[in-house]
Amino acid sequence: MTRTSAGSTTAAPAAPFAAMLRGAFVPSVIASVVTVVVFWVLRDLRGAEGALFGAAIALVFFGVGLKLMTMMVNANPISVFAGAMAVYLGQVIFMGIIIIAMRDVTWLDGLACGITILVVTLVWQVFQARAYLRMRQTVYDEPAAADAAGPSREEA
């Protein structure tokens, strides 16, 4: 919370991204634990390790992206958009590098890893969108204290 010149409190500028991070992280961790347990039961320890690796990749992937967006929130809208596109491009490149690097690894259960990344990604996206839709974000500038009193006689 920040304090305005009129003495009222408003949400800090990073609040939208922080709310989306909080809203998406906890359900994604729960989904990660569930998928690790499921693959442990279905494919033994190797499946659990693959699922754990996939969950870690997905959580870091999206968590770092939103954290980077919180650093750009005070910029003008065009810069925020450019930053968001750069973060997205970086995430795609990061995921491509991970996939290429892990393609021939024998110790990793690729099926468990891939399905876990998919599940965690879907849960993250759904709950991030839910958090965004549930927060109250103003889309206009609050009028100044002088404007709140009404138009002056010169304007009328």
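**Entry 1: Q91.** I began with Q91, which is buried, with a relative accessible area of 14%; buried means under 20% relative accessible area, exposed over 50%, and partly exposed in between, using a 1.4 Å probe and protein chains only. I found Q91 in helix α2. Leaving out residues up to four places away in sequence, I noted that Q91 touches F61, F62 and G65, where contact means heavy atoms within 4.5 Å.

**Entry 2: ground rules.** I am working with a predicted model, in which local features need pLDDT of at least 70 and side-chain atom pairs count only at pLDDT 80 or more, while totals for chains, interfaces and linings use all residues. Residues are numbered from 1 along each chain as its sequence is written, and side-chain values use heavy atoms, with hydrogens and water left out.

**Entry 3: the overall layout.** I listed 4 helices and 2 strands in the protein. Read from the N terminus, the order is β-β-α-α-α-α. Helices (H or I, at least four residues) and strands (E, at least two) are DSSP runs, numbered from the N terminus. Of the 156 residues, 30% count as buried. Among contacts with a separation of 6 or more, 73% are between residues 24 or more positions apart. I put the accessible surface at about 10,700 Å², with 68% of that belonging to carbon and sulfur atoms; the areas come from the Shrake-Rupley method with a 1.4 Å probe, and for residues only the protein chains shown count as cover.

**Entry 4: salt bridges.** How many salt bridges does the count come to? I get 2, taking a salt bridge as a side-chain nitrogen of Lys or Arg within 4 Å of a carboxyl oxygen of Asp or Glu. Side chains of opposite charge can pair when their charged atoms come close.

I looked at D109 and R43, whose side chains meet at 2.5 Å, N to O. This pair links distant parts of the chain, with D109 in the loop between α2 and α3 and R43 in helix α1, 66 residues apart. D109 counts as buried because its relative accessibility is 4%, whereas R43, at 36%, counts as partly exposed. Beyond its neighbours within four places in sequence, R43 is in contact with D109 and L111. The C-alpha atoms of R43 and L111 are separated by 9.9 Å, though the two residues are 68 apart along the chain.

I also wrote down R103 and D104, whose salt bridge spans 3.9 Å, N to O. Both R103 and D104 are exposed.

**Entry 5: the second largest pocket.** Rolling a probe the size of a water molecule over the atoms shows where empty space is left. I read about 320 Å³ for the second largest pocket. Of its 15 lining residues, F17, L66, M69, A84 and Q128 are the closest to the centre. The elements that give two or more residues to this lining are α1 (15-71), α2 (77-101) and α3 (110-134). Which element gives the largest share of the lining? I found that α1 does, with 7 residues.

I then sorted the lining into 11 nonpolar, 4 polar and no charged residues; Ala, Val, Leu, Ile, Met, Phe, Trp, Tyr, Cys and Pro count as nonpolar, Asp, Glu, Lys and Arg as charged, and the others, Gly among them, as polar.

For my own reference, on a 1 Å grid over the protein atoms alone, a pocket is an open set of points where a 1.4 Å probe fits, with protein on both sides within 12 Å along at least five of seven lines, and lining residues have an atom within 4 Å of a point. Grid points are joined across faces, edges and corners, and a volume is the space filled by probe spheres set on the points.
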